[in-house]
Amino acid sequence: MDSATAALIEPRWTLVFCKKPGRWWVRLLACGRYNHVKAIAYLPTMRAWLCYDVKFNGTRIMLAHEDAAGTSAFLHNYLDNCDTIAMPRLPIPKRSAPQLGFWCTIAMKHLIGIRSRAFRPDRLWRDCIAAGGKPYQNLATGRGALIRALRARMGALRARTRTRRRFLGACPA
């Protein structure tokens, strides 16, 4: 791996399945437990959270720095009344035809590289678990476990980043 590729950040995504009731037509289309799905990833080298949210009216990509004043409240709101799945890195599937449509479920399938026939968040939830995703089903009771798991992942990523920096610094030019 060359130094330019090593410097790239490839996030490990956690999918966030929302149970908040949205507009009536969204509930009708979703017709299940979850009405929306979005993603979040921690970037240890930047000490920030990267959020990816696709809706019918547009796509939002947000970066929330760990030390910023409003980050804690933003994360609380972003994860409120949601279930989450920490996804492993999956190989990007080869497709013979392009995927039709682009809404939250399709966007998350593209983001994590899962092979799935899901069109709604409920089916994507099941397919993510089948692909090796680790669910945190009840955020109200498992919020502490999720935070501990995310902090452990952050610590491991920071340690790996420090090791990589030391290794790259010790390599002769």
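1. Phe-119 has the charged end of Lys-109 over its ring, 5.6 Å from the ring centre. A charge sits over a ring if NZ of Lys or CZ of Arg is within 6 Å of the ring centre and within 35 degrees of the ring normal. Tyr-78 likewise has the charged end of Lys-38 over its ring, 4.0 Å from the centre.

2. The model is predicted: local features need pLDDT of at least 70 and side-chain atom pairs pLDDT 80 or more, whereas totals for chains, interfaces and linings use all residues. Residues are numbered from 1 along each chain as its sequence is written, and side-chain values use heavy atoms, without hydrogens and water.

3. The count of aromatic pairs is 6 (rings of Phe, Tyr and Trp, the last by its six-membered ring, with centres within 6.5 Å; planes under 30 degrees apart are stacked, over 60 edge-to-face, the rest tilted). Phe-17 and Trp-125 form an edge-to-face pair, at 5.0 Å centre to centre and 90° between the planes. This pair joins strand β1 to helix α5, 108 residues apart (DSSP runs, numbered from the N terminus: helices H or I of at least four residues, strands E of at least two). Together with Tyr-34, Phe-17 and Trp-125 make one aromatic cluster.

4. Phe-17 is buried at 0% relative accessibility (buried means under 20% relative accessible area, exposed over 50%, partly exposed in between; 1.4 Å probe, protein chains only). Trp-125 is also buried, at 7%.

5. The largest nonpolar core holds 22 residues, of which Leu-15, Phe-17, Met-108, Leu-124 and Cys-128 touch the most other members (a core is a set of buried Ala, Val, Leu, Ile, Met, Phe, Trp, Tyr and Cys residues joined through side-chain atoms within 4.5 Å).
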